[in-house]
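Here are my notes on this one, as promised. Have the sequence and the 3D view open while you read, and take the points in order.

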Amino acid sequence: MKELRLMKGNEAIAEAAIRAGVDGYFGYPITPQSEVLEYLMLEKPEERTGMVVLQAESEVAAINMVYGGAGAGKMVMTSSSSPGISLKQEGITYLAGAELPCMILNVVRGGPGLGTIQPAQSDYFQAVKGGGHGDYRLIVLAPASVQEMYDFVELSFDLAFKYRNPALILSDGAIGQMMEKVEIGEQKARLTDAQVKERCPWATTGKDDNRERNIITSLDLDPNQQEIFNEKLQAKYKVIEENEVRFEEIQTEDAEYLFVAYGTSSRICQKSIQLAREKGIKVGLFRPITLFPFPVERLKELSKKVKGILSVEMSAGQMVEDVKLAVECKVPVEHYGRMGGIIPTPGEVVEALEQKFL
Amino acid sequence: MTEEIIIAGFGGQGVLSMGKIMCYSGIVQGQEVMWMPSYGPEMRGGTANVTVIISDDRISSPIINEFDTAIILNQQSMDKFESTVKPGGTLIYDPNGITRHPERKDINIYRVEAAAEAAKMETTKTFNMIVLGGFLKIKPIVKMENVIAGLKKSLPERYHHMIPVNEKAVKRGTEIVQEVQKV
């Protein structure tokens, strides 16, 4: 039997990083994700696997350390919460522009500005529509449990290296702080220098006589070349959209109404389904696991057999725009959400469903 | 079986660790568990509360409207959480420091004089384990042997010599819990 532990979401991320053979973590503390750095410091991964854990002087320094590590083909990551992720945006767009694989964790708190330290989902636009400047996309995974926090670390690195693209785990203060049962995986060895060279022939691993110099940059002053590069990026995002869509459905078979929700909101909606069905309202849940690529096709299919869709988010309504685009306005789509660090209760969500559709 | 519990009291009373021990006990007997603290700029002496869910099935929302059981350890928590117990649910409280006792007529109410009892034990830190014992007497959702196994998992090894004292406290809790009202 596999080892079971009771862990916070933030701790699960940290343990998963060590076990996945991550080479480096660079971070800066901020509530509600400081346990990632704390756990890593306490576990001394430099003794367990040789993994580097460093508290940088700022978020900006941390993301640029990620840029350096990723450029050398290493498995590197950073984590922060909303205001800190905003600080990292310059580095993130440079990573996307230089096509560097890495993992970034955002344990979202309420905003704007310093906002609050309580959970929110108001960084959806920032995560899936860019955040920094330029036409780029991150691969965005949205865990809804502590187990998924653990599992998505390795998954995000696999996808990041497969596509040479930064991956972002979009979590929130609730999943970061809650404890659940976690099944712990095997310890994987960190890649050797030879393995890094094989996996990342583009990386700056030290030039030998057998190849040209590798250059890591996001700059090309020739607009013709820059357009060719942008087209290549867009083609890559299209392949990601075709191949990497992930989602979960709960009680959608006989559903007349549909909740669309990710992360903590999707957990709340599961309880709301139970409450609504006790009242005779047939509702199901569609949970996007990848927010980019957004599960457009399946949602479009489902929309054909329901009377209405309620997008439930801890925000003023962000993902609801993608839901509307996916279903092409063929079925009424409404939003329900709380803001500023307030988590809606399952009862409130059912009331919203009744008010908007019944 | 799904039991949704709120434990609320002062910071430093062991509210959060009581929840953790319940969760570990649930894991030992193969159940799903969830522990969700109220987090914020809290401090010793301030209020602390944690939602614990133990279930045979996948756990849905960590945020809930109504609880099966509320374990209440100070007046502020009584004011805040008495109304959140499901009709027919259970409220367990320590009367120490309580100026307004529970008033609802549609729930089961029990008292466990844990603070007074803890003062008689080797260490008053066993307070939360006495409360846990009281809860388990009323709602035996985890077996005593699994609580001890849970304690072993949640306590760092340097405190393992404290396990017998804690075990004694849990047992004492089961003995002293009193029924106030049954519906």
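1. Some ground rules before the sheets. Two strands pair if DSSP finds at least two bridges between them. Helices (H or I, at least four residues) and strands (E, at least two) are DSSP runs, numbered from the N terminus. This is a predicted model, where local features need pLDDT of at least 70 and side-chain atom pairs count only at pLDDT 80 or more, while totals for chains, interfaces and linings use all residues. Residues are numbered from 1 along each chain as its sequence is written, and chains are lettered from A and ligands numbered from 1 in the order in which they are written.

2. Start with the seven-strand sheet in chain A. It is open, with mixed pairing, and the order reads E3-E2-E4-E5-E7-E6-E12. Strand E3 (52-55) and strand E12 (290-292) of chain A have a single partner strand each, so one side of each has no neighbour in the sheet. On average, neighbouring strands are turned by 20° against each other, direction ignored. (Axes are lines fitted to C-alpha atoms, for helices over the stretch in contact, and angles run from 0 to 180 degrees between N-to-C directions.)

3. Now look at one end of that sheet. Strand E6 (residues 139-141) of chain A pairs with E12(A) in the antiparallel sense, over two bridges. A:Val140 has A:Phe292 as its bridge partner in E12(A).

4. Next comes the five-strand sheet. What is its strand order? The order is E9-E11-E10-E13-E14 (chain A), in an open sheet with mixed pairing. Strand E9 (247-250) and strand E14 (333-336) of chain A are the edge strands, each pairing on one side only.

5. Strand E10 (residues 257-260) and strand E13 (residues 308-312) of chain A pair in the parallel sense over four bridges, with A:Phe259 opposite A:Leu310. E13(A) also pairs with E14(A) in the parallel sense over four bridges, and there A:Ser311 stands opposite A:His335. Four of the five residues of E13(A) are buried (20 or more other C-beta atoms within 10 Å of the residue's own; 12 or fewer is exposed, in between is partly exposed, and C-beta atoms are placed from the backbone).

6. Helix H15 (residues 346-357) of chain A lies across E10, E11, E13 and E14 of chain A, running at about 140° to E13(A). Its buried residues are A:Pro346, A:Val349, A:Val350 and A:Leu353.

7. Finally, the two chains meet. In contact are 18 residues of chain B and 19 residues of chain A (C-beta atoms, placed from the backbone, within 7 Å). E2(B) gives the most to chain B's side, with six residues. Two bridges join strand E8 (residues 179-184) of chain A to E2(B), and these strands run antiparallel. Here A:Met179 stands opposite B:Trp35.

How values were computed:
Two residues are in contact if their C-beta atoms, placed from the backbone, lie within 7 Å.
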